[in-house]
Amino acid sequence: MSSSSISQNAHADALPDLRNLGVIARILIGVNLLAFGAVLFAEPSWAQSFTRFTRVASILEPVLLLSIVALYLALPWLLQLPYRTGCATVLAIELLLATIVHALAAQAGAEFAPGSLGRTLALAAGATLFVLGYFRLHARAFSPALAEARLQALQSRIRPHFLFNSLNAVLSLVRRDPRRAERTLQDLADLFRELMADGRRFVRLADEIALLERYSGIEKLRLGERLRIVWELDEAPSDALLPPMVLQPLLENAIYHGVEPATGASEVVVRIVRRGDRVLVQVENAYRGESAKLRGGNHMAMENIRERLRLFFDAEARLESRIDGERYRVEIEIPYRSGAGLRQ
Amino acid sequence: MNALAVFIADDEAPARERIKELLADIAPELPTRIAGEAGNGLDALEQVPGSGARVLLLDIAMPGMDGLELARHLGALENAPAIVFVTAHDEHAVEAFELNALDYLMKPVRAARLAAALRKAADAPAPDAERLARAARGPRQYFSVTERSRIVLVPVRDVVYFKAELKYVTLRTQAGEHLIEDSLVALEREFAQDYVRIHRNCLVARNAMRSFERAGGDDDDPHWNVVLDGIPERLPVSRRQWPLVKGLVNLGRE
């Protein structure tokens, strides 16, 4: 159950999204580190620590894995409870699981004997409270207010270079082709409306693609035959949700670094496909090593998108760029979420 | 009527059209004629010398060769045109222009500003090489050699070595040699990444050095020569530079 808008959460504390991969990973890693730290503290040497940890793990890991499954299943129900009751319920679930695993381990024989039940329960309670406390602090650090402020600041920016060159191109049309000038100004207006709109909501992929087409129309006017865009969108899930203005900067970068420095025609490929429950976006342009260095500025735009994806999808989104021989390719992967239930 | 010959270099066709419209608008007070147009830096370099242009309206961000480098090469012409730079938005360029007192216009250009810049430029000499070099963003991609009022370009990466001789510097490629007017010190500074000084009078491309060969001296104090890729000639390494140079051959070849 992931919210469709970041701003939707009230400021009150809430349980973390226990179905989010990033959250699950943090729980697993966090508790294991905690256990390892404790073992390291108790034992005099590294070798003894490792031996001891493997023994600890034989009871710790079953509890952890069972917890992940149990909490995954219970999450919808847990989220309906008030925060404190929710935490108490999580604690109860954990104590129950710890008891079961403890009993099983005790039966399995001396090799697995985990000591007294009271001690196991105390450790389980400690770890649970620690994890809950961590997520509470984490949620506060990334509270909606903060996340919103950061999203506003990260609102993607169009290069002034593009704005002024586009205005110049429109001016050249005003006398020769007033209708095309009108259309171009309307496209520019749409682009800037989107740019200045609320950056905190999700938008439909179909709308983002329409915006890309308007943007590319303006670039086409400036660059003419030099710009060739190949759209591979047949398998794009038009109802997928994504943060606004994530795709446009990718295309803008591709044109700025791949097409503008070329004397002849140069091709940009925009490919969007759905792979199961993931949406994959690829933007590809010709790689020009030296001119790319001189033009610079690419890094900021990419970091900006990366940060926004993180705020929207936590660890579930991925942004990568790589050089493939003569081609430069940027790839974004986000979880597929349909716009059917989009809160408007 | 004595129309001012203007050459327009801009990679965006609409931008060139716009400039032509504006030139037509200001024609009653400042008659001009179009001496030529080019859509990238290399084309402009080829066409400007024979065009009779007195003023060049020059976009900065152009493929092939950017406006600042183009201006540096054109400066070598005997009657080089005056240059008015035109830029959409380029913080670096604008700062460099201000700093070096180069004339520039911002896109979209206003007719009145264009007229003023053309009037001023018509009376002004071409900007000097020094100021253009300071305004440039990075090292040049080409050296230019003027041959019978044409400009011949030599890609920097083709240069195997530079050698100072009396007044001039000789630049050697696998194909031949040319005289250029830059000083060895300035070249060393501009191309420090790719060229290394091996002698008081000589800079060599790091990736052209193949090996060293013993050139005399006695065992306690040997002299060395650099063996180069593609050129039979050997270049002496000075004793002073030897400690610095000797490690480069292996470094340069992985």
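**Entry: ground rules.** I am working on a predicted model, in which local features need pLDDT of at least 70 and side-chain atom pairs count only at pLDDT 80 or more, while totals for chains, interfaces and linings use all residues. Residues are numbered from 1 along each chain as its sequence is written, and chains are lettered from A, with ligands numbered from 1, in the order in which they are written.

**Entry: the parallel sheet.** I looked up the strands (DSSP runs of E, at least two residues, numbered from the N terminus) and their pairing (at least two DSSP bridges between two strands). In chain B I found an open sheet of five strands in the order β2-β1-β3-β4-β5, with parallel pairing. Because β2 (32-38) and β5 (104-106) of chain B each have a single partner strand, they stand at the edges, and one side of each is left without a neighbour in the sheet. Neighbouring strands of this sheet are turned by 25 degrees against each other on average, direction ignored, with axes taken as lines fitted to C-alpha atoms and angles running from 0 to 180 degrees between N-to-C directions. Within the sheet, I noted five bridges between β3 (residues 55-59) and β4 (residues 82-87) of chain B, where B:Val55 has B:Ala82 as its bridge partner.

**Entry: the antiparallel hairpins.** I then followed β13 (residues 209-218) of chain B, which is joined by seven bridges to the antiparallel β14 (residues 221-228) of chain B. The hairpin between β13(B) and β14(B) passes through two residues, and B:Asp218 stands opposite B:Asp221. Four bridges also join β14(B) to β15 (residues 234-237) of chain B, again antiparallel, with B:Asn225 partnered by B:Pro236. This second hairpin has five residues between its strands, and in its turn I found B:Gly230 with a positive phi of about 75 degrees.
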